[in-house]
Amino acid sequence: MSEFEKLSPPSGGELIQIKRKRISVPDKPIIPVIPGDGIGPEITAVMRAVVDAAVAKAFDGRRQIQWMECLAGEAAMASYGTPMPDDTVKAIQKYVVAIKGPLTTPVGGGIRSLNVAFRQILDLYACVRPVRYYRGVPSPHRRPQKVNVVIFRENTEDVYAGIEYKAGTDEANRVRDFLVNELGANIREFSGIGIKPISEFGSKRIVRKAIQYAIDNKRSSVTMMHKGNIMKFTEGAFRDWGYELAKEEFAKDVISEDELWEKYNGQAPRGMIVLKDRIADSMFQQIQTRPDEYDVIATPNLNGDFLSDAAAALVGGLGLAPGANIGDFVGLFEATHGTAPKYAGKNMVNPGSLILSSVMMLEYMRWNRAARLITKALQATIRQKKVTYDLERQMKGATKLGSKEFGEAIISNM
Ligand code: NAP
């Protein structure tokens, strides 16, 4: 009997496996795809066409993704009666790599946010956002081409853990009483209270992921962004545990910024990654004034949330910003924008965010040749000024294309 209630996996597909702590991808991997709500289905169709074309071309037809359509959000309600069916969660767990369009969280379904629920259930602790510039995209920055960072934001801890008590409730009063009476804290009456847990385990695993990414992708530095000058035992500890981890596990590949100057006169030995840290406020300045000094960035949850969107703004906004939520092995790749319901079914919106997320997915699978084909073809299409409405309205002399036609232009540029 099938382990799924309603899904039937494609018959010719194969399983991605975990071997020696790495994912091992067969030639015909089954990849769950969640089209999502609103504009989701139309941008997903474009993304699939682009990925299929790139994979076929890059590997001469030897490799092919076996897409397995799964449901979540509003689309799942009709079929399963829940926005988050077990089928979908099981499929992502089993097949390891998956991609999703944006989702509507139905009101009153008992779930605050579907995206957060996916992260928690599947323990996808790293929110990964590469931010780089594509020539021709309108940007508010004078030298956006200097921005090329990959942000690893911790996804499960910090004030986002959801431990929060409303002012005046019994819970808030009890927490306040304990802190005031037992620990001598000074907290006004009638305060809302939120807790900010940051653990050694959570900090080390996100910094480990960022460093491993830097090694695998030949990046030159990892910067831990934190507010440890003020929040010493949470954000400061994040930084300290990060340095500790680097010494414990990456001594061969990583040197600290102090060592860079003390031992190497400011010149990192070839192939060595420099681990540094920056206070969050300074980082926000520097990402604008000296973006080329930053490469991979590891950060706790809240600061990472702000930095991801601020960095995306430097290169022209969220329209072309890809993202992924990644656990030890499972990777769920996604568009970073929402369902834009007013454009649903109009073949208008920019599928670029989801297409670039599929590029991240292909890189994660180490199908780099296909990933490069898409990136180059997308760049060429933008340079030809063939773009969707959102970019066309900001570019002089551009040709406005529908979502599908934009995808076709990318394919013809491969
Ligand atoms: P949104 O769907 O991201 O849309 C806001 C605006 O951003 C759109 O009106 C449009 O601006 C622009 N936009 C978004 N995607 C675009 C694309 N692909 N191409 C071109 N322009 C695009 O945000 P929202 O209206 O705040 O949220 C709508 C729903 O999405 C909500 O139910 C929310 O919960 C959900 N949501 C889901 C996710 C997710 O699943 N990851 C993330 C965020 C929000 P213009 O009208 O100015 O052209």
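In this predicted model, a polar backbone atom of asparagine 350 lies 2.9 Å from a nitrogen atom of the ligand. Two further pairs involve oxygen atoms of the ligand: one with a backbone N or O atom of glycine 338 at 2.7 Å, the other with a polar side-chain atom of arginine 393 at 3.1 Å. The table lists these pairs.

| Residue | Protein atom | Ligand atom | Distance |
|---|---|---|---|
| Glycine 338 | backbone N or O | oxygen | 2.7 Å |
| Asparagine 350 | polar backbone atom | nitrogen | 2.9 Å |
| Arginine 393 | polar side-chain atom | oxygen | 3.1 Å |

On its own the ligand has 880 Å² of accessible area, and the protein covers 62% of this. The ligand is surrounded by 18 residues, with Leu103, Gly338, Ala340, Tyr343 and Tyr389 the closest. By class, the shell around the ligand consists of 9 nonpolar, 5 polar and 4 charged residues.

The description now turns to the sheet. Its 11 strands form an open sheet with mixed pairing, in the order E4-E3-E5-E15-E14-E6-E7-E13-E10-E12-E11. The edges are strand E4 (66-69) and strand E11 (254-256); each has a single partner strand, so one side of each has no neighbour in the sheet. On average, neighbouring strands of the sheet are turned by 25° against each other, direction ignored.

Isoleucine 30 stands opposite glutamine 66 in E4.

Two helices lie across parts of the sheet. Helix H1 (residues 40-58) lies across E3, E4 and strand E5 (97-100), and runs at about 165° to E4. Helix H10 (residues 301-314) lies across strand E6 (126-132), strand E7 (148-154), strand E10 (221-226) and strand E13 (296-299), with an angle of about 155° to E7.

Key: Residues are numbered from 1 along each chain as its sequence is written. This is a predicted model: local features need pLDDT of at least 70, side-chain atom pairs count only at pLDDT 80 or more; totals for chains, interfaces and linings use all residues. Side-chain values use heavy atoms; hydrogens and water are left out. A residue is near a molecule or strand if one of its heavy atoms lies within 4 Å of it. A polar contact is a pair of N or O atoms within 3.5 Å; within protein, one must be able to donate a hydrogen and the other to accept it, and residues adjacent in sequence count only if both atoms are side-chain atoms. Accessible areas come from the Shrake-Rupley method with a 1.4 Å probe; for residues, only the protein chains shown count as cover. Ala, Val, Leu, Ile, Met, Phe, Trp, Tyr, Cys and Pro count as nonpolar, Asp, Glu, Lys and Arg as charged, and the others, Gly among them, as polar. Two strands pair if DSSP finds at least two bridges between them. Helices (H or I, at least four residues) and strands (E, at least two) are DSSP runs, numbered from the N terminus. Axes are lines fitted to C-alpha atoms, for helices over the stretch in contact, and angles run from 0 to 180 degrees between N-to-C directions. Contact means heavy atoms within 4.5 Å.
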